[in-house]
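Subject: Structure handover

Hello,

Here is the structure for your files. My notes on it follow below.

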Amino acid sequence: MLKFIVKKLLQMIPMLLLISFIVFVGLQFTGIDPIYYMISPDMAANTDNIEALRELYGFNDPLLVRYFRWLGDLLQGNFGYSIVSGSSIKTLIAQRLPATLELSAFALVLSTIIGITIGIVSAIKQNGIIDYIGRVFAVVGQAIPQFFFGISMILIFAIKLGWFPTAGRMSPEGVGFGDRLWHLVLPGMTLTLSMCAVLMRYARNTMLGVLNSDYIKTARSKGIPEWKVYLKHGFRNAMRPVLVILCFRLPMLIGGSVVIEEVFAWPGIGTILTQAVVSGDYPVILVTTLMVAAAMLVASFLVDVLTALLDPRVRIGE
Amino acid sequence: MDNKDIILDVKKLNTSFVSDKKETKIIKDVSFQVKRGKTLAIVGESGCGKSVTVHSIVKLMPRNARVRAKKVQYNALKDGAVTEYSLDKMEAYGKEMRKLRGPEIGMVFQDPMSSLNPVYRVGDQVAEGLIEHEHISKAEARKRVLDMFKKLGIPDPEQRINDYPHQFSGGMKQRVVIAIAMISNPELLIADEPTTALDVTIQAQIMELMKKLQVEDGKSIILITHNMGLVAEMADEVCVMYMGRVVEFGTLEDIFEHTSHPYTKALLRSVPVLDMEDGEELETIPGITPNPADLKEGCEFADRCSECMERCRKGTIPAYEVSPGHRVRCLKYDKFPEVD
């Protein structure tokens, strides 16, 4: 098992390099000329100025040179500077990451618990009342776009009922856990509900499939109680595919949810990314994209390890 | 004959499946008895309801099944005293039924490949029922599992007890499935085509094993099969089914020597035997089994029967007792007394 883990970890290095290269090169083709974002329009009339700036920032060097320069900086922990605000990207991320982590972790944990529980119960009591409500909810949850859902939540719970704040992460005067949580509820629940839908359907369907399999019949023929049939024999087998979805949601912890953060003015990574794209702040785009990609790789590594732990058949090729 | 000699008594078992709000009858008025210490073979071609019959009895049915019966009675014999259990009145997964599954009734299923849970070690899967019913320690259970593995001829049992199902071959997997069924030492073993998925040499081994366990411990077996050779070897009594009905029931001798129902005759003629002439063709039963959803009235076999008469296509055909214990559901024998 250890050998398996080390092997998978080592495989991540070339993957990361490849991704960084693709992201870097890809961004060159978008046609964004950062120079125009850096200078005022009247300065742009003077092409000499522009050329001088290009030379200064090394934009005229060959692609590979620029790539390796950027990569070298990155490996030394120098993430570069935003060309819009001029602030260090590292500081920017350090400021925003906690907000994103907070929101995403809240939604991730809550949606996992709710989604899997309802999904499994729906499968066990197929065509029961919970199954019916769950199915309607899953369709609605998937059909309604997040932004619309978010705005509706604000309209109902913040503006009409006044229970929660309309946006932001904390009140200017408010400090402490209670205030944070109060701000977290609306964006957190919006994200949770939209994430629940997929998980619920998935958990229900895999569990249904498992419950129809022959080994469940064998388990029942032993005369063990039903809860053991469901939890010991059913749940563990049904969880393998569900776990894959869960793991691939982990990058969200870093990347955040662009739509939800935007709707609720949540100061997270998602907001940085949208701002960076809008303003052509390509060093920021590069770093955030790479971070999400790295998180994706970690997620897929986790999938490999967890499936191997859950399913002995995967361990054959060790 | 009293309850001491009869381990399972099934009367007028009816099973239907509901789909799209339409109910399709699969099992119709099936009645039979299993004698203690004997083997009953249930035979018939694919789709005749053999499996559904036994699954209905032990209540391991999908949700859309409706099972009705006049009587499904299991008689447990302990220290000379009989305890009667009415399986038809029990809840499928309730406490009463669960207490019987394992210690009283063991089940071996058709497909060993999918009958074992892929994520647990085989030893733990066999021990599970034992621990559940006898509340013994894990170490004790392991010892019992080892003994069972040895009895079933699984080589290197100390090692293999820790293996996962995918590390076993088909024949070995079926031994594990049999071990699960036998570990709690049940009085009645229900084997649903236990060897269909295995190759012929393994088939013989597995059947010998079951026969040996039965003879040594005086167990009763219900064997479901479509292999007539196996029936001749194993069975004391035979129940021939066609389209969800028992068409003929009798002792092994009744069925093989005094074959009465045209379907049973056709079934026996279609079994290849060693002394066939060169160029002699094996007989087949003409036509196909009808769809249970659009069966007409009368005898289900009428359309494929060479001896079909006009009145075979009307009403429900009763069973006639042609000799004591030998029942045939065919109008050719209507001079004999009618039985349930």
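Which residues lie nearest the centre of the largest pocket? They are Leu60(B), Met61(B), Pro62(B), Arg63(B) and Tyr93(B), out of a lining of 36 residues.

Before the rest, the conventions. This is a predicted model, in which local features need pLDDT of at least 70 and side-chain atom pairs count only at pLDDT 80 or more, while totals for chains, interfaces and linings use all residues. Residues are numbered from 1 along each chain as its sequence is written, chains are lettered from A and ligands numbered from 1 in the order in which they are written, and side-chain values use heavy atoms, with hydrogens and water left out.

Pocket

The largest pocket has a volume of about 920 Å³. A pocket here is an open set of points on a 1 Å grid over the protein atoms alone, with protein on both sides within 12 Å along at least five of seven lines; lining residues have an atom within 4 Å of a point. Grid points are joined across faces, edges and corners, and the volume is the space filled by probe spheres set on them. Elements giving two or more residues to this lining are α9 (177–211), α10 (214–221) and α11 (226–247) of chain A, and β1 (6–19), α1 (50–58) and β4 (65–78) of chain B. Helices (H or I, at least four residues) and strands (E, at least two) are DSSP runs, numbered from the N terminus. β4(B) gives the largest share, six residues. By class, the lining has 19 nonpolar, seven polar and ten charged residues (Ala, Val, Leu, Ile, Met, Phe, Trp, Tyr, Cys and Pro are nonpolar; Asp, Glu, Lys and Arg charged; the others, Gly among them, polar).

Interface

Contact (heavy atoms within 4.5 Å) joins 25 residues of chain B to 28 residues of chain A. The two chains bury about 2500 Å² between them, 55% of it on carbon and sulfur atoms; this is the accessible area (1.4 Å probe) lost on putting the two parts together, summed over both. Arg63(B), Val119(B) and Glu128(B) supply 23% of the area that chain B buries against chain A, more than any other three residues. The interface has three salt bridges, a salt bridge being a side-chain nitrogen of Lys or Arg within 4 Å of a carboxyl oxygen of Asp or Glu. Glu128(B) and Lys232(A) form a salt bridge at 3.2 Å, N to O.

Elsewhere

Over all chains the count is 24 salt bridges. Arg204(A) and Asp131(A) make one, with the closest N and O atoms 2.7 Å apart. This pair links helix α9 to helix α7 (residues 129–143) of chain A, 73 residues apart.

There are four cavities of 30 Å³ or more, a cavity being a set of points where a 1.4 Å probe fits but cannot get out. The largest cavity holds about 70 Å³, and its lining includes His261(B), Cys299(B), Cys305(B), Cys308(B), Cys312(B) and Cys330(B). That lining has ten nonpolar, one polar and no charged residues.

Regards
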